[in-house]
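Good morning, and thank you for coming.

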Amino acid sequence: MAGSAFFALIDDIATVLDDVSLMTKVAAKKTAGVLGDDLALNAQQVAGVRAERELPVVWAVAKGSLKNKAILVPAALAISAFIPWAVTPLLMLGGAFLCFEGFEKLAHKYLPHDEEHHEVAATAAEDVDPLVYEQEKIKDAVRTDFILSAEIIAITLGTVAGASLQQQITVLVGIALIMTAGVYGLVAGIVKLDDGGLYLVQHASASAWGRIKAGIGRAVLAAAPKMMRSLSVIGTIAMFMVGGGILTHGLPFAHHAIEAAAVAVEGVAVIGPVLGAIAPAVLNALFGVVAGAVVLVVVKLAQRVLSLFRKKN
């Protein structure tokens, strides 16, 4: 009797683990797109830090990301249990914030600004303590990570909504750890690409294989600065794609319109299927740009009103 009970327990544990593994795989597939955006955004956030401080900064942001998820996982479980209707509005607030940040970057870079303000900002940037600059980069990266982590946790929670509480906790914690390790491991690799190229060049021998290594190293050294500069652009686009995607998924009319547009372009030409595949991402990004502009205008107007109110008082 005891032996059969023991084997029944083992069978139950194996079934639970199998279910958890399956749900984790499904959640990982659904959050893969966010992983790419998270990677681009965080690699861009640590760009500009001194070379010898790149890995410590990545590690600091990774620890901040783990703290974010340690807050978000219990919060997501509590919200799902007690106020499930609040999940979508909270996600949309996060999406609007990402769009706002992205459009603010565009506005700062491309819209006309007061020249004197630029000169003051440039002088201030030169006088900034490198340690203070580093801490600001870490804060910005952790803040951005919070929004993306919230989306990852919310998507995962939707995947395991019908599972038991224990399975939900296991899958959420597993995805949180896997995503954090994956993103910041890749970010660390990206920011140290130039060091890898230099290593290949310096340790190349006179043999044929050595010359190949040296050639690869020189190619990496030439490509690394361009790649790091491009991350700023990629990161901004990712903000609009992620933020716009969150907003459109929370607005049924916008989501259905984007789906209809994707289906419509599939039959346009030979490359229709390709256009149909990329259309949702492009339309989400465009929606994110518009949403970011609207939020920026609202924020600026609110700041102006508050400024006038303070002057009167």
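From the N terminus on, the elements of the protein run α-α-α-α-α-α-α-α-α-α-α. In total there are 11 helices and zero strands. Helices (H or I, at least four residues) and strands (E, at least two) are DSSP runs, numbered from the N terminus.

A word on the basis of this talk. This is a predicted model, in which local features need pLDDT of at least 70 and side-chain atom pairs count only at pLDDT 80 or more, while totals for chains, interfaces and linings use all residues. Residues are numbered from 1 along each chain as its sequence is written, and side-chain values use heavy atoms, with hydrogens and water left out.

Of the 313 residues in the protein, 35% are buried. Buried means under 20% relative accessible area, exposed means over 50%, and partly exposed lies in between (1.4 Å probe, protein chains only). Among contacts between residues at least 6 apart in sequence, 81% join residues at least 24 apart; a contact means heavy atoms within 4.5 Å.

Let me turn to the interior. In soluble globular proteins, nonpolar side chains tend to be buried together. A nonpolar core, as the term is used here, is a set of buried Ala, Val, Leu, Ile, Met, Phe, Trp, Tyr and Cys residues joined through side-chain atoms within 4.5 Å. Which residues make up the largest nonpolar core? There are 12 residues in all: Val57, Val58, Val61, Ala62, Ile138, Ala141, Val142, Val183, Tyr184, Val187, Ala188 and Val191. At least two residues of this core come from each of α3 (54–82), α6 (130–159) and α7 (165–191). The helix that gives the most is α7, with five residues. Apart from this core lies another, of eight residues, including Leu72, Leu77, Leu157 and Ala176.

One member of the largest core deserves a brief look. Alanine 62 touches Thr180 and Tyr184, leaving aside residues up to four places away in sequence.

I come now to the charged residues. How many salt bridges does a search of the whole structure find? The search finds two, where a salt bridge is a side-chain nitrogen of Lys or Arg within 4 Å of a carboxyl oxygen of Asp or Glu. Arginine 143 forms a salt bridge with glutamate 101, and their closest N and O atoms are 2.7 Å apart. Arginine 143 lies in helix α6 and glutamate 101 in helix α4 (residues 87–110), so the pair ties together parts that are 42 residues apart in sequence. Arginine 143 also forms a salt bridge with aspartate 140, with the closest N and O atoms 3.5 Å apart. Here both residues lie in helix α6, three residues apart, which is about one turn of the helix.

Arginine 143 counts as partly exposed at 41%, and aspartate 140 as partly exposed at 27%. Glutamate 101 touches Arg143, Thr144 and Met239, not counting residues up to four places away in sequence.

Next, helix α10. At 1.5 Å a residue, the 15 residues of α10 (residues 252–266) should span 21 Å, and its end C-alpha atoms are 21 Å apart, which agrees; the expected span is 1.5 Å times one less than the number of residues. Ala254, Ile258 and Ala262 are buried in this helix. Seen down the axis of α10, its buried residues fall within an arc of 75°, so they line one face of the helix; the arc is that of the directions from the helix axis to the C-beta atoms. The face turned away from the buried side carries the exposed residues Phe253, Val263 and Ala264.

Alanine 224 has its place in helix α9 (residues 208–250) and is buried, with a relative accessible area of 6%. Alanine 224 touches Leu193 and Asp194, residues up to four places away in sequence not being counted. From alanine 224 to valine 191 there are 33 residues in sequence, and 8.4 Å in space, C-alpha to C-alpha. Alanine 107, in helix α4, counts as buried at 12% relative accessibility. Alanine 107 and alanine 293 are 186 residues apart in sequence and 8.9 Å apart in space, C-alpha to C-alpha.

Thank you for your attention.
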